[in-house]
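Please read them with the structure open.

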Amino acid sequence: MRTSVGPKGLDKMIIQQDGKVLITNDGATVLKYLEAKHPAARMLRELSASQDVEAGDGTTSVVVIAASLLSGCTRLFKLGMHPMAISAGFQVAADEAQRHPHGHGQACLSGRH
C-alpha cells in the first residue's frame, strides 16, 4: 500500500477471479480484492472500507498509518510489553491528539509544494 501513495505512487495490477485485469492505485480497491486470511489484514481491509464510506478519500493513508501502528505494537510485544499497556498508551495518545488538534504542523519554507 505504501508504494501507491504520493506523486510517485505506483499502480497495482490485480487479476480478478474471472481472469480480468484491473489496474489501480486506489487503496480501497486494492484491499477490496485482497484475500485476507490474517485477522490484522482483515481489520485493515475493514478500516479502508469504513474510511471510504465515511469520507470517500484517504483509504490508503489510514491503512498506512494503522499498519505503522501495528508494526510498532509488534516491536513492543517483542520487548515484553503487555498488550493492555500498549492499548492504554494508544488511548493516551488519542486523547492528547484530540485536545491539541492544531499547532503541531510546520510551515514549508522551501517554496516547493
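**Notes on the helices and the core**

1. Arg99 belongs to helix 4, which covers residues 83-99. The model is a predicted one, and in it Arg99 has a relative accessibility of 56%, which is over the 50% cut-off and therefore makes this residue exposed. The side chain of Arg99 is joined to that of Glu96 by a polar contact of 2.9 Å.

2. The length of helix 2 (residues 39-54) can be checked against its residue count: with 1.5 Å a residue, its 16 residues should span 22 Å, and because the end C-alpha atoms are 22 Å apart, the two values agree. After helix 2 comes Gly56, which has a positive phi, near 75 degrees.

3. The largest nonpolar core is made up of five residues, namely Leu31, Leu44, Val62, Val63 and Ala66. Helix 3 (residues 59-78) supplies three residues, the largest share of this core. As background, nonpolar side chains in soluble globular proteins tend to be buried together.

4. Which residues of helix 3 are buried? They are Thr59, Thr60, Val62, Val63, Val64, Ala66, Gly72 and Cys73, and these buried residues pack against helix 1 (27-32), helix 2 and helix 4.

Definitions and conventions. Residues are numbered from 1 along each chain as its sequence is written. This is a predicted model: local features need pLDDT of at least 70, side-chain atom pairs count only at pLDDT 80 or more; totals for chains, interfaces and linings use all residues. Side-chain values use heavy atoms; hydrogens and water are left out. Helices (H or I, at least four residues) and strands (E, at least two) are DSSP runs, numbered from the N terminus. Buried means under 20% relative accessible area, exposed over 50%, partly exposed in between (1.4 Å probe, protein chains only). A polar contact is a pair of N or O atoms within 3.5 Å; within protein, one must be able to donate a hydrogen and the other to accept it, and residues adjacent in sequence count only if both atoms are side-chain atoms. The expected span of a helix is 1.5 Å times one less than its number of residues. A nonpolar core is a set of buried Ala, Val, Leu, Ile, Met, Phe, Trp, Tyr and Cys residues joined through side-chain atoms within 4.5 Å. Contact means heavy atoms within 4.5 Å.
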